[in-house]
Amino acid sequence: MTLPPPLDWQIAKIGPGQEVPPEHRVTRENWRLYPYSRWAFQHTRELVPSRALCRSIAPRPLDEDFVSLDDLHIIGDGASSAISWAEFEAQTYTDAMLIIHNGTIIHERYYNGMTRHTPHHAFSVSKSFIGLLAESMIAENVLDKGAPVTTYVPELAGSGFAKVDVHHLLDMTDGVAFDEDYANPGADVHRYSANYWTPALADGGVHAALARLTGRDHPPGSEFTYRTPVTDALGWVIARASGKRLADLFYERIWQPAGCADEGHFLVDTAGDEIAASGLNTTARDMARLALLVSEGTGIPAAARANILKGGNRNLFAKSKYAERSGGSYGSQWWVAHDDFGSISALGVYGQRVHIETETGLIMVRFGSHPLASNLHTDGLHRRALEALRNFLR
């Protein structure tokens, strides 16, 4: 597959407004499509309503000891030759790349007009930190993981979530029918996401859309299937259990303890509710601070971190379409590798990744604006890049 070049939105003059030529003009209809996404993913609050996440009262300083990765090369996949680290960043349409080793930033690069203080759309990386929020509330007995979803959200009694418990949502083993294939123009995900950011096509916002998901593919707990609405249902449950807006709760329990130093934001849907599954926007450095919260375990309940690192049901995962991420699982809204490095990941479409290794002290935060939605297209390249990085740091 031939992909377009990684344009710089400033050089290409991509942006919003009537003075921008139509072929380069970003609108609320095209902003998730390449090349308009090159500008849009750094400017979502100019396109979609949002709720601010104010900088922490006590921002966490980040130590720096930069090393050159110029001599680091990543082996090919058999069909391609080795590439440099800079070529890796270019080939994956990187907007920001930040690497931490043992708590210290060793590499930090920005492209495509992005800066250290630019918030970037994290897409489904949001899911994993909503999972962290849920696990923290469970550890502190604010949320009952064994309770039926309808205990907190009775509005879902007529939906496919009616016989689902909270822990099924956390591990995406609830069984509610939903087609998440972004490559299929007729998939459920495209109609559903209109309730996020397309008022002309929306029908009552995300909560109303969740209540309309009445089909089921399998009994709760019998299969793992990754689907975006499940996290939105979890976000609704969390908000009800706490009696607070999701963004306020996230700020109190996650953002503030992490010591986030810049303002971030949560996008809100067409009905004004925070988008739990895909709404978080942060700077690369603040995403690193969130990752350190999980990696180090300070500022969050120990039981919450332990549940995340434990992962989900590996047998169910092996039967899923993500079986190529062999040996892994999905639990607490995190992708867990079950490898010797203690690897867990938060992944979002179009190139958003947070990779944490609890055994090696390695953290990779990357934001991107890739033309293709699915991260499966670059999974292999990222695995080889991380292997090369580990060897280099040894």
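Select helix 14 and colour its buried residues: Asp379, Leu381, His382, Arg384, Ala385, Leu386, Ala388, Leu389 and Arg390. Here, buried means under 20% relative accessible area with a 1.4 Å probe, counting protein chains only, while exposed means over 50% and partly exposed lies in between. Helices are DSSP runs of H or I with at least four residues, strands are runs of E with at least two, and both are numbered from the N terminus.

A word about what you are viewing: this is a predicted model, where local features need pLDDT of at least 70, side-chain atom pairs count only at pLDDT 80 or more, and totals for chains, interfaces and linings use all residues. Residues are numbered from 1 along each chain as its sequence is written, and side-chain values use heavy atoms, leaving out hydrogens and water.

**Stay with helix 14.** This helix covers residues 379–393 and reaches 21 Å from its first C-alpha to its last. That is close to the expected 21 Å, where the expected span is 1.5 Å times one less than the number of residues. What do its buried residues pack against? Show strand 3 (73–74), strand 4 (83–84), helix 3 (85–91), strand 5 (94–101), strand 13 (352–357) and strand 14 (362–368) to see the partners.

**Next, select Val125.** You will find this residue in helix 4 (residues 125–139). Is Val125 buried or exposed? Its relative accessibility is 1%, so Val125 counts as buried. Leaving aside residues up to four places away in sequence, Val125 touches Met287, Ala346, Leu347, Gly348, Gln352, Arg353 and Val354; a contact means heavy atoms within 4.5 Å.

**Follow Met287 to helix 11.** Met287 is one of the buried residues of helix 11, which runs over residues 284–296 and spans 18 Å between its first and last C-alpha. This helix is mostly covered, with 12 of its 13 residues buried.

**Finally, zoom out.** Across the protein there are 14 helices and 14 strands. The C-alpha atoms fill a box of roughly 55 × 50 × 45 Å, taken along the principal axes. Of the 394 residues, 57% count as buried. Among contacts with a separation of 6 or more, 68% are between residues 24 or more positions apart.
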